[in-house]
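Subject: Structure handover

Hello,

Here is the structure I promised to pass on. Please open it next to this email, and my notes follow below.

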Amino acid sequence: MELADVKQTATEARLAALSLPEGGCLAAARQAAVSRVQTMGLPGRRDEYWKYTRPESLTAAEVTKAAVFTADEAPMFDEFDRLKIVFVDGVYNAEASDDLSLEGVQIDRIADICSQDIHWAKDLYGVLEARGQSPVARPLAALNTAFAQDGIAIHVTGKPSKPINLVYVHSDEASDAILHHVIRVEAGAEATILENGPAASRFNKCMEIDIADTGKLHLVRAQGRDHERRAATHLFARLGTESVFKSFTLTVNGILTRNEAVVELLGDDAIAHIAGACVGDGEFHHDDTVFITHDAVNCESRQVFKKVLRNGATGVFQGKILVKEGAQKTDGYQISQSLLLDDDSQFLAKPELEIYADDVICSHGSTTGAIDEEALFYLRSRGVPVAEATDLLTLAFLAEAVEEIEDGEITAAIVARLEGWLSRRR
Amino acid sequence: MLEIKNLHVKLEDEDKQILNGLDLTVEAGKVHAIMGPNGSGKSTLSYVLSGRDGYEVTDGSATLAGEDLLDLDPEERAALGVFLAFQYPVEIPGVGNMTFLRTAVNSQRKARGEEELSAAEFLKTIRAKAKELKIDADMLKRPVNVGFSGGEKKRNEILQMAMLEPKMCILDETDSGLDVDAMKLVAEGVNALRDEGRGFLVITHYQRLLDHIKPDVVHILAGGKIVKTGGPELAMEVENNGYAGILAEVS
Ligand SMILES: Nc1ncnc2c1ncn2[C@@H]1O[C@H](COP(=O)(O)OP(=O)(O)O)[C@@H](O)[C@H]1O
Ligand SMILES: [Mg+2]
């Protein structure tokens, strides 16, 4: 199909502004991705999938400058015993990073893999992204596969003793970073990946996750607190039999964030939980777009998304559960809720179910609401000041999403950030 | 302790007058009961005293130990010592009962310039008081009132009262929905708090709660004002003859 002229022009302009990194064993994947971008064209305003979120600033050839945010607090996971891998404006920084060796896991830079002829990542890089292009196109992810300057390949073969923490640092107000990570979890292996920090003025990130039978992966990321960032992230996950994938994302501030998650349950008895909590104030647009495909028997999926919005902030949720023919005993759950702290903020939601099997349980719900006045009065009548009572109820609203995190220490760290955000707005 | 004079209250959004010149004084150390037919304004009185939105005071005053209550926020009234045991305690998913109580106790202490209770002190106190009310550890951990039975909710109200040690306790139909055993438990909880420095306003539709919490004074509220005041025998009269007799007598 021919692309509309506007789309063609915009796509060509963006492609012209980028240059293909050295390919090595990933060269073919990058080339194929370029073709995908050319065929699909970059997202435009009139695309149905971008109905609620304007893609222009994410696709433009030129990056919009964004002020570097100076935080008055230590980075999120600094207190944790972890293996730290640092990217500054999207470039791996060896000095700031820990040694990459850790028992039970093999870690390599994508930039290093590109100079090798053989590497396991070759079979994953761009593969899940390409699968994820149907039935809905995700051109920014293909663009990422083609042009990612850096990233990390993590091969989990055992049970590493500590989490791997990808720490992003934003230092240049005109930075335009494209990062691509690939993660393969072998049978019986289990790991936790943490991500945090403002990455760049514009950030395009793609993470492909392949979990073998009985493998387990926990992913917790914290986006923010930078106000001016524009980010498009994609998570592609493929799950084998009895495998588990749990992902939680905290998003604090940001002019524009689009987080897509594309999950395929391909082996029986697999479990995927994708959760997110975001808090936005003023110039804030946050979009969670999730697509979960059940293509095996007796799998469980949960989508739990909560958004707290104030001062004209916008939240978007597009979530789909697709149950393929034969995917019997599917247990699919999806909830998306927003708490609007004033009349100027808005929440746009498009929950979807598409089911081709008869023996399934799928439920979805989406709500928009304000603070419960009855509950607020009850708390105040016990002496809790109105600001504190409002914060308590706001945290309570977010709880269902935050509780998706299994690890207590991580949960506490996330809650502390949310409390901080709320208390700065009293 | 609590002094209400000529209180007139209407609904904020509607042209509906609910209280029409209510006068009432509750002395420290005394238990006053208010009885009245459904819809007579009993809950409205309790809400207006505790500061709930939606009501407009068009005339009259209410003071606690000389301090004007009506201009204060609910939390300020609470810090002064007003406590309302709700007719319908509110469920708050996501907020742990224990967290809630600790925040409440310490907020009030802070507002009064007192030192906050440490986690250990708080735990010790709440465990002892919860035990007296047969509230188990699980109920303390659960979200506020969520999944509680009617009786558990009412016991939880009394636990809050015991922890907050208010000066003026207002109980709005605390007996409703309770079986005899639960009512005894709640009454024991209330009686344990009876103290020279503390006033009680026990609102009830039926006399039976007053068998367990012996009132000093009984008032009949009808049509938005106190129409009759007497001793405990007045409650018996309601029990035996219903409200109709008394209302006919005063009109
Ligand atoms: N918030 C409200 N909105 C509408 N009507 C109300 C409200 N509060 C009280 N009322 C009305 O005022 C009257 C008194 O109610 P209430 O104080 O609850 O009486 P009681 O507790 O004695 O049964 C009733 O007619 C009730 O319907
Ligand atoms: Mg009532």
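How many helices and strands are there in chain A? Chain A has nine helices and 19 strands. One caution before the rest: this is a predicted model.

**Chain A**

Chain A has 426 residues, and a compact globule with that number would have a radius of gyration near 22 Å. The value for chain A is 21 Å, which agrees. Its C-alpha trace spans about 70 × 50 × 50 Å along the principal axes. Buried residues make up 61% of the chain. Take the contacts in chain A with a separation of 6 or more: 85% of them join residues 24 or more positions apart. The accessible surface is about 16000 Å², and carbon and sulfur atoms account for 48% of that. Chain A carries 42 positive and 67 negative side chains. The centres of these two sets lie 3 Å apart.

**One residue in chain A**

Look at V304(A), in strand β15 (residues 300–310). Is V304(A) buried or exposed? Its relative accessibility is 0%, so V304(A) counts as buried. Leaving aside residues up to four places away in sequence, V304(A) touches several others, including I274(A), Y333(A), I335(A) and E404(A). L398(A) is 94 residues from V304(A) along the chain, yet their C-alpha atoms are separated by 9.8 Å.

**Chain B**

Chain B has nine helices and 12 strands. With 251 residues, a compact globule would have a radius of gyration near 18 Å, and chain B agrees at 18 Å. The C-alpha trace spans about 55 × 40 × 35 Å along its principal axes. Of the residues in chain B, 53% are buried. Among contacts with a separation of 6 or more, 69% are between residues 24 or more positions apart. Chain B exposes about 10900 Å², with 47% supplied by carbon and sulfur atoms. There are 29 positive and 41 negative side chains, and the centres of the two sets lie 6 Å apart.

**The magnesium ion**

Which residues coordinate the magnesium ion (ligand 2)? They are S43(B), through OG, and Q87(B), through OE1, at 2.1 to 2.4 Å. S43(B) lies in helix α1 (residues 42–50) and Q87(B) in the loop between β6 (82–85) and β7 (92–96), so the pair ties together parts of chain B that are 44 residues apart in sequence. Both S43(B) and Q87(B) are buried.

Best wishes

Terms used
Residues are numbered from 1 along each chain as its sequence is written. Chains are lettered from A and ligands numbered from 1 in the order in which they are written. This is a predicted model: local features need pLDDT of at least 70, side-chain atom pairs count only at pLDDT 80 or more; totals for chains, interfaces and linings use all residues. Side-chain values use heavy atoms; hydrogens and water are left out. Donors are N, O and S atoms within 2.8 Å of the metal (3.2 Å for Na, K and Ca); water is not among the atoms, so sites may look incomplete. Helices (H or I, at least four residues) and strands (E, at least two) are DSSP runs, numbered from the N terminus. Buried means under 20% relative accessible area, exposed over 50%, partly exposed in between (1.4 Å probe, protein chains only). The radius of gyration is taken over C-alpha atoms; the globule rule is 2.2 Å times the number of residues to the power 0.38. Contact means heavy atoms within 4.5 Å. Accessible areas come from the Shrake-Rupley method with a 1.4 Å probe; for residues, only the protein chains shown count as cover. Lys and Arg count as positive and Asp and Glu as negative; His and the chain ends are not counted. The place of a charge is taken as NZ of Lys, CZ of Arg, CG of Asp or CD of Glu.
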